[in-house]
Amino acid sequence: MSIKKVTQHPSQNENLIFERSQPGRVGYMLPKLDVEEMNIDDLLPADLRRTDDLDGVPEVSEVDVIRHFTRISTWNYSIDLGMYPLGSCTMKYNSRLNEKVARIGGFAGLHPLAPETDTQGALELIYRLQEDLAEITGLPGVSLQPAAGAQGEMTGVMLIRAYLDARDGEASKDRRVMLIPDSAHGTNPASAALAGFTVKTIRSTAEGLTDLDHLKQLCDEGGVAGLMLTNPNTVGIFERNIKVICETIHAAGGLVYMDGANMNALVGVARPGDMGVDVIHLNLHKTFSTPHGGGGPGCGPCCCTAELAPFLPTPRIEKSGDKYVLNYNYPESIGRVKAFYGNFGMMVRALSYIYTHGAEGLREATEAAVLNARYVSKKLAGVYDEPFEADCMHEAIFSHKNQAKLGVVTLDIAKRLIDYGFHPMTVYFPLVVEGAMLIEPTESVGRSDLDAFIEAMIDIDREARETPELVTNAPHTTRIGRIDEAAAARKPVLRWKKEIDSMTHSA
Ligand SMILES: *Cc1c(COP(=O)(O)O)cnc(C)c1O
């Protein structure tokens, strides 16, 4: 909890707008009354009037307001400012064109209760996006309803559950085991549990891949409903045995769910449907360039085989003759997972991204994303420990092993990167790598920016050896140093109260 007690120097610190208040200051001036002033008692009875003096409402001028908010708006790191190498997040640059298209009045102003006849354009847009995602994944059934990756996961495993119930009847209750690799994103076991499955964990090999013997063994134990697998997996390695993995699960009577958050490594190059995957979720707010971070709206489409399609959420958006329709007539559907049709604005942006790239462009983006990650991987090899030998796909993984010997750990390296002007990489995920640093440059960073990032990482390693306290005390260039992140997340101070000492409320 330490805001540095520097001065009020505007580039170094900024009081809250409440603290800038000065009695009597206003941002307006009214003309003199040109009518007779009325007695307030004649206008509003005393018992209906408030008696306190609006204590705490800031009294500031226009220029106070403008400068205050403009200054603090420059304090945030953003994707428009520089690269965001957060592995697992695919923080690519989002083109302004997508925003422009999403703001077209007919899309932005559409009422969700407007009748089908008045919304043909929007329904066509949803339909076209469904078609494109079906083509990209090789899985024909698509629902755009889920509002996040995690909700797409839950929808996907609910489809598996509904399918098995329909296929096996009563016997389905004996098939409730979901297999999940130890490297999985935490949302995978959470989604499986919500859909009524119990989770068994599959070990990874020293190569960072799913252990096939362990998989076989768990399948032989019986009761397997399915597998949830991320590919490329969360250590950035392509599961080259994916076909065998799918065959093993299918032979055991289960279905394969793929977590598609890492599709930025595959789009236009390889299709999960062709690998034997039954159902997948995508993150439009990662792979398909709709903004994310900060908890805004997302979209986590669920794509599945024709066998699973009858269970998809309704309404389904379909084409009937030359009209687009909302079809509610799927008696086996798992039902709605989101109000109305999902986060439509995200769909507009994603289709805009797909159309501006075209098939060739999407493939090129994938290739550039993988090339960029491999470039980082090769340039930092030897400087930072690489826990796995395999060539990475769209993200490179390192551990702090070499630097930890000197007392410098992943968190220190991440904090020091801030001093070099970079947003830190993902730290301590996945859990299977101790002191993990997961770096995903994405395709939207050029060679010179990549080189600058690599140089910063190399410099930090040198500092760790020569002047370790420079790294362990970083960052040095920010207003706030190392905050108590747990307290900030669990006990955030969200409301200003007069009693609070102006220097103690941090994030
Ligand atoms: C981001 C991510 C998710 C969850 O997606 P949200 O949209 O954040 O819910 C799931 N799995 C993996 C591997 C991810 O990277």
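A backbone N or O atom of Ala 150 sits 2.8 Å from an oxygen atom of the ligand, which makes it a polar contact (a pair of N or O atoms within 3.5 Å; within protein, one must be able to donate a hydrogen and the other to accept it, and residues adjacent in sequence count only if both atoms are side-chain atoms). This is a predicted model, in which local features need pLDDT of at least 70 and side-chain atom pairs count only at pLDDT 80 or more, while totals for chains, interfaces and linings use all residues. Residues are numbered from 1 along each chain as its sequence is written, and side-chain values use heavy atoms, with hydrogens and water left out.

A polar side-chain atom of Ser 88 lies 2.8 Å from a ligand oxygen atom, and one of Asp 259 lies 2.6 Å from a ligand nitrogen atom. On its own the ligand has 380 Å² of accessible area, and the protein covers 86% of that (areas come from the Shrake-Rupley method with a 1.4 Å probe; for residues, only the protein chains shown count as cover). The shell around the ligand takes in residues with a heavy atom within 4 Å of it, among them Gly 149, Glu 153, His 185, Asn 283 and Lys 286. By type, the shell splits into three nonpolar, six polar and three charged residues; here Ala, Val, Leu, Ile, Met, Phe, Trp, Tyr, Cys and Pro count as nonpolar, Asp, Glu, Lys and Arg as charged, and the others, Gly among them, as polar. Helix α6 (residues 149-168) gives the most to this shell, with three residues. Helices (H or I, at least four residues) and strands (E, at least two) are DSSP runs, numbered from the N terminus.

Asp 259 turns up again in strand β5 (residues 255-259), which is largely enclosed by the rest of the structure because five of its five residues are buried. Buried means under 20% relative accessible area, exposed over 50%, and partly exposed in between (1.4 Å probe, protein chains only). Leu 255, Tyr 257 and Asp 259 are buried on one side of β5, and Val 256 and Met 258 on the other. In a regular strand, side chains alternate between the two faces of the sheet. Strand β4 (residues 224-230) runs parallel to β5, and the two are paired over five bridges; strands pair if DSSP finds at least two bridges between them. Across this pairing, Leu 229 faces Met 258.

Another sheet is open and has three strands, in the order β10-β12-β11 with antiparallel pairing. Its edge strands, β10 (396-399) and β11 (426-427), each pair on one side only. Two bridges link β11 to β12 (residues 436-439), and Val 427 has Met 437 as its bridge partner in β12.

His 214, in helix α8 (residues 212-220), counts as buried because its relative accessibility is 8%. Leaving out residues up to four places away in sequence, His 214 touches Thr 201, Ile 202 and Arg 203, contact meaning heavy atoms within 4.5 Å. The His 214 side chain also reaches the backbone nitrogen of Arg 203 at 3.0 Å. Thr 198, by contrast, counts as exposed because its relative accessibility is 51%. Thr 198 belongs to strand β3 (residues 198-202) and, neighbours within four places in sequence aside, is in contact with Arg 176, Val 177 and Met 178.
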